[in-house]
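Here is a briefing on one structure, arranged by topic. Please look at the sequence and the model before reading on.

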Amino acid sequence: MKQRQPANPICAGSLDKRIMKTFRLIRSIPASAQYNMALDKSIFTRYLNDGIPVLRVYAWEAPSFTYGVSQHPETEIDLAACLLEGVQVAQRMTGGGVLFHHREITYSFVCSKDDIGEASDVFVSYRRSCAFLTHFYKSFGLKPSFAVESADFRDQSAAHQLCSASREKYDILLNGRKIGGNAQKRSRQAIFQHGSIPFEIDWDLARRFLPSLPAGISSLVTTLNQELSFCLTRETAEDKLINSFARVFGVNFMEEKECLLNEAGVA
């Protein structure tokens with residue numbers, strides 16, 4: 001039986017002597033897919049107006065699918081079945097493929113390139129913007145790598161309309177298998193990124209709504225529960241993720257109550 005790891009108190013920002021930046025921190029309660037995506041969009045819009053960076057961590061009230069801004073969901077998702085069984089569907093403001101959300105931690109952040117130490121002359125650096133994620137996995141003794149670092153990357157790399165089935169350069173791997181997914185939207189020097197860290201994935205459930213889900217997907221994708229030898233609480237995982245962000249980017253947090261409901265335009 002796995003041993004439960006005790007929750008750690010959050011000490012965001014206090015772990016790094018290079019603290020120079022303050023981010024708003026929003027810890028959301030589980031919400032609908034429409035709300036989660038609308039609030040992410042609202043956070044991005046607010047940043048363009050006030051320039052105050054934000055990190056948000058959140059969860060889903062029900063099994064959900066999100067799809068990329070340029071996708072047509074009816075080509076990949078059985079929308080009628082989702083409606084019948086209470087599975088939620090929402091469009092992201094970012095690109096990428098269809099992603100299944102259920103038992104996971106989801107994050108989003110918006111900031112400037114300078115806030116995360118990305119060089120101004122670099123167009124996009126997922127290696128830098130995902131550095132806090134690799135730090136997070138390493139904090140559990142895991143050994144994350146980017147897909148592009150794999151010896152067989154050229155043979156395994158492939159685009160796919162389903163995020164889990166794709167293998168892009170800066171997908172994060174644990175023991176050779178992809179974990180989670182990340183997507184971005186940029187405007188001038190502003191970076192918005194959101195992504196998922198699954199505790200577990202119910203592939204049988206997902207398959208009921210994704211006709212094109214590859215048969216061997218479970219051998220290509222992994223989760224925290226599969227990789228860890230102990231039971232990880234959501235509280236502990238969120239705290240570690242926030243602390244990893246603080247340490248890697250030299251951030252101090254000002255926690256903010258979720259008060260963007262009206263701005264998000266959803267109930």
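Predicted model: local features only at pLDDT ≥ 70, side-chain atom pairs only at ≥ 80, totals over all residues.

Residues are numbered from 1 along each chain as its sequence is written, and side-chain values use heavy atoms, with hydrogens and water left out.

**Sheet**

- Helices (H or I, at least four residues) and strands (E, at least two) are DSSP runs, numbered from the N terminus.
- An open, antiparallel sheet is made of three strands in the order S8-S9-S10; two strands pair if DSSP finds at least two bridges between them.
- Strand S8 (144-146) and strand S10 (177-178) are at the edges with a single partner strand each, so one side of each has no neighbour in the sheet.
- Strand S9 (residues 172-174) pairs with S10 in the antiparallel sense over two bridges.
- Leu 174 stands opposite Arg 177 in S10.

**Aromatic rings**

- There are 18 aromatic pairs in the structure; rings of Phe, Tyr and Trp (its six-membered ring) pair if their centres lie within 6.5 Å, and planes under 30 degrees apart count as stacked, over 60 as edge-to-face and the rest as tilted.
- Phe 109 and Phe 132 make an edge-to-face pair, at 5.9 Å centre to centre and 80° between the planes.
- Phe 109 belongs to strand S7 (residues 103-112) and Phe 132 to helix H4 (residues 131-138), so this pair ties together parts that are 23 residues apart in sequence.
- Phe 109 counts as buried at 1% relative accessibility, and Phe 132 is buried with a relative accessible area of 0%; buried means under 20% relative accessible area, exposed over 50% and partly exposed in between (1.4 Å probe, protein chains only).
- The ring centres of Phe 140 and Phe 230 are 6.2 Å apart with planes at 45°, so this pair is tilted.
- Phe 140 lies in the loop between H4 and S8 and Phe 230 in strand S13 (residues 230-231), so the pair ties together parts that are 90 residues apart in sequence.
- Phe 140 and Phe 230 are both buried.
- One aromatic cluster is formed by Phe 23, Tyr 107, Phe 109, Phe 132, Phe 245, Phe 249 and Phe 253.

**Charges over rings**

- A charge sits over a ring if NZ of Lys or CZ of Arg is within 6 Å of the ring centre and within 35 degrees of the ring normal.
- The ring of Tyr 58 has the charged end of Arg 56 over it, 3.7 Å from the ring's centre.
- Lys 240 lies over the face of Phe 140, 5.2 Å from the ring centre.

**Largest pocket**

- A pocket is an open set of points on a 1 Å grid over the protein atoms alone, where a 1.4 Å probe fits, with protein on both sides within 12 Å along at least five of seven lines; lining residues have an atom within 4 Å of a point.
- The lining of the largest pocket has 29 residues, and Gly 95, Gly 96, Cys 163, Asn 182 and Ala 183 lie nearest the pocket's centre.
- Strand S6 (99-101), strand S11 (181-187) and strand S12 (190-200) each supply at least two residues of this lining.
- S11 gives the largest share of the lining, four residues.
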